[in-house]
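Please look at the chain shown below and follow its strands before reading on. The briefing then moves by topic through the pairings and contacts between residues.

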Amino acid sequence: MLLAIFCVACAAQAQDRVVKMPTEGSKVPFNPAESDKGYWCSIEVGGGATTMEGRKNLPMGEIVFSNGYRINQFLKVGVGIGALYYIANNNEVRGTTRKLSMPLFATLRGNFLNEDTRSVVPYWTANVGASLPDGLFLTPGVGLRVGEMRNAFIINLNYTFRQLKMPAGEHKYYSGIMLKLGYEF
């Protein structure tokens, strides 16, 4: 009986295998999902509020679309556009009933750790630009990427320093915190 099992096992292992060797001049198809360089894109939705002590705070919601070039996994550069909606206290803080603003910005991003063997990677981000018609803003942040190199859900916490245009033409500066959720590919 042992001899029969041994013979069947040997026969099963002795199957013919066809191994295709690459020929001269053949090319491997390019898969952009596995490329360390190239185009990247993200869409994020978030919310937050200004954090000014002794003043009324301004809650806001934002949706942004960013795209650019991935130099490597530690540095991505790009540009973005979005819509920022001031939810409440708009008239008391800004002195206007206008609730919508449009951020246009340059963005830098990069991973803190190598993402080749990890599915959860911490990253940094920085956006610099202008929110029309309000004024300039700077938004650095840190977050987590969950997924693959070119297919990941993202969550980040941002500090924002914003210039807000007041009705008399003057500008006030506010700082705030925003939490964003998104998808990056």
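What follows describes a predicted model, beginning with the strands and ending with the loops.

**Strands and their pairing**

- Strands β4 and β5 run antiparallel and are joined by 10 bridges, and within this pairing L108 has A126 in β5 as its bridge partner.
- Strands β5 and β6 also pair in the antiparallel sense, here over 12 bridges, with W124 standing opposite V142 in β6.

- Side chains of opposite charge can pair when their charged atoms come close.
- E115 and R70 meet through their side chains in a salt bridge, at 2.4 Å from N to O. This pair links distant parts of the chain, since E115 is in the loop between β4 (100–111) and β5 while R70 is in strand β2 (residues 59–72), and the two are 45 residues apart. Both E115 and R70 are buried.
- K76 and E184 form another salt bridge, with their side chains meeting at 2.6 Å from N to O. Here too distant parts of the chain are linked, with K76 in strand β3 (residues 75–86) and E184 in strand β8 (residues 171–184), 108 residues apart. Both K76 and E184 are buried.
- E184 has a salt bridge with R109 as well, and the closest N and O atoms of that pair are 2.9 Å apart. Because E184 lies in strand β8 and R109 in strand β4, the pair ties together parts that are 75 residues apart in sequence.
- Why does E184 count as buried? The relative accessible area of E184 is 3%, and buried means under 20%, so E184 falls within that class. R109 is buried as well, with a relative accessible area of 2%.
- Through salt bridges that share partners, E44, R70, K76, R109, E115, R145 and E184 are joined into one network.

**Aromatic rings and the charges over them**

- A pair of aromatic rings is described by the distance of the centres and the angle of the planes.
- Are Y183 and F185 buried or partly exposed? Y183 is partly exposed, with a relative accessible area of 30%, and F185 also counts as partly exposed, at 40% relative accessibility.
- Y183 and F185 belong to one aromatic cluster together with F153.
- K76, described above for its salt bridge with E184, also has its charged end over the ring of W40, 5.6 Å from the centre of that ring.
- R162 lies over the face of F137, at 4.8 Å from the ring centre.

**T160 and its surroundings**

- T160 has its place in strand β7 (residues 151–165), and T160 is buried, with a relative accessible area of 1%.
- The side chains of T160 and R162 are joined by a polar contact of 3.3 Å, so that R162 takes part both in this contact and in the arrangement over the ring of F137.- When neighbours within four places in sequence are left aside, T160 is in contact with L138, T139, Y174, S175, G176, I177 and M178.

**G95 in a loop**

- G95 is found in the loop between α2 (90–94) and β4, and at 35% relative accessibility G95 counts as partly exposed.
- Where sequence and space are set side by side, G95 and K165 are 70 residues apart in sequence and 9.2 Å apart in space, from C-alpha to C-alpha.
- Leaving aside neighbours within four places in sequence, G95 is in contact with N90 and P167.

Notes: Residues numbered from 1 in each chain as written. Predicted model: local features only at pLDDT ≥ 70, side-chain atom pairs only at ≥ 80, totals over all residues. Heavy atoms only, no water. Buried < 20%, exposed > 50% of the residue type's maximum accessible area, 1.4 Å probe, protein only. Phe/Tyr/Trp six-rings, centres within 6.5 Å; stacked < 30°, edge-to-face > 60°. Lys NZ or Arg CZ within 6 Å of the ring centre and 35° of its normal. Salt bridge = Lys/Arg side-chain N within 4 Å of Asp/Glu carboxyl O. Helix = DSSP H or I, 4+ residues; strand = E, 2+ residues; numbered from the N terminus. Polar contact = N/O pair within 3.5 Å; in protein donor to acceptor, adjacent residues only side chain to side chain. Contact = heavy atoms within 4.5 Å. Pairing = 2+ DSSP bridges.
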